[in-house]
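Here are some exercises to work through with the model open in your viewer. Try each task yourself before you read its solution.

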Amino acid sequence: SKSKDFAGKKVLITMGPTQEAIDPVRFISNHSSGKMGMAIVKAFLARGAEVYAVSGPTKLTFPKEVNTTQVKSAQEMFEACQTIHAQMDICVFAAAVADYKPAEVAPQKIKKSSSKLELTLTKNVDIALTLGKAKSAHQIHVGFALETENESRFAKQKLTKKNFDLIVLNSLRDEGAGFQIDTNKVSIIHASGLSSESELLPKSQIAELILDEIKNVPVWI
Ligand code: PMT
């Protein structure tokens with residue numbers, strides 16, 4: 001059995017997609033299943049942490065030991081995270097948050113009429129960025145970067161901009177990595193610049209690697 005090396009740590013994990021309503025029957029979303037986040041939730045639980053999951057809509061079942069808040073939109077996910085952030089020791093932002101949402105939610109189902117329909121989108125709150133500005137010296141923030149090109153450059157930009165201590169990069173160019181499947185292949189990049197690359201592994205093992213790397217962050221005690 002694993003050692004309880006995260007005992008006494010409070011951990012927030014954002015996971016899954018967000019859904020941004022267009023009208024009462026439609027939304028904008030993405031392909032996240034929540035599997036990567038759930039693997040991280042389970043790894044922290046097994047290693048003794050007190051786990052708080054804030055999850056967008058998924059088909060997954062949460063272990064009863066997890067403090068789970070289920071949300072739909074990015075705004076709801078932000079509010080749930082904001083409420084508990086100051087009490088957390090570690091935050092892992094594994095959610096695939098919609099960057100944009102419809103500027104207005106139509107109160108009734110939008111009717112099919114003209115051949116073209118234009119939707120105006122506005123920027124969503126960036127949860128990791130906003131909480132990154134509030135991060136205190138003892139807190140560790142772990143981000144994810146899902147990229148399709150210029151992977152390591154974009155990941156390093158996100159690491160800096162969002163004040164992460166480390167970022168987990170996954171690329172849709174890697175077969176077996178990313179959304180929905182049970183495997184992933186990642187690079188874990190520290191703010192110090194040190195980085196390591198994983199093999200293609202089950203998300204459960206990727207989660208263990210992430211926890212191991214968190215213990216290499218300088219503020220870890
Ligand atoms: O859920 P699965 O099907 O298992 O798939 C896993 C995954 C591909 C979703 C996961 O491994 C992953 O990469 N999650 C992050 C996806 C993402 O939205 O990355 P990004 O590069 O757009 O965002 C960068 C970081 O900022 C992420 O930590 C993200 O959670 C965070 N963010 C982004 C936008 C926003 N408005 N708020 C945020 O907090």
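**Exercise 1. Find the strands that helix H1 lies across, and the angle it makes with E1.**

Solution. Step one: H1 lies across E1, E4 and strand E6 (90-93). Step two: H1 runs at about 165 degrees to E1. Axes here are lines fitted to C-alpha atoms, for helices over the stretch in contact, and angles run from 0 to 180 degrees between N-to-C directions. Contact means that two C-beta atoms, placed from the backbone, lie within 7 Å. Helices (H or I, at least four residues) and strands (E, at least two) are DSSP runs, numbered from the N terminus.

Two notes before you go on. This is a predicted model, in which local features need pLDDT of at least 70 and side-chain atom pairs count only at pLDDT 80 or more, while totals for chains, interfaces and linings use all residues. Residues are numbered from 1 along each chain as its sequence is written.

**Exercise 2. Write down the strand order of the open sheet of eight strands, and say which strands stand at the edges.**

Solution. Step one: the order is E5-E4-E1-E6-E9-E10-E12-E13, with mixed pairing. Two strands pair if DSSP finds at least two bridges between them. Step two: strand E5 (67-70) and strand E13 (195-197) each have a single partner strand, so one side of each is left without a neighbour in the sheet. Step three: direction ignored, neighbouring strands of this sheet are turned by 15 degrees against each other on average.

**Exercise 3. How is E1 paired with E4 and with E6?**

Solution. Step one: strand E1 (residues 10-15) runs parallel to strand E4 (residues 50-55), joined by six bridges. Step four: five of the six residues of E1 are buried, where buried means 20 or more other C-beta atoms within 10 Å of a residue's own, exposed means 12 or fewer, and partly exposed lies in between, with C-beta atoms placed from the backbone.

**Exercise 4. What surrounds the ligand?**

Solution. Step one: 28 residues surround the ligand, the closest being Ser33, Lys35, Phe93, Ile127 and Ala128; a residue counts as near if its C-beta atom, placed from the backbone, lies within 6 Å. Step two: E9 gives the most to this shell, with four residues. Step three: sorted by class, the shell has 13 nonpolar, ten polar and five charged residues.

**Exercise 5. Is Ser29 buried or partly exposed?**

Solution. Step two: Ser29 has 15 other C-beta atoms within 10 Å, so Ser29 is partly exposed. Step three: among the residues that Ser29 touches, beyond four places in sequence, are Pro17 and Ala98.

Notes. Nonpolar A, V, L, I, M, F, W, Y, C, P; charged D, E, K, R; others polar.
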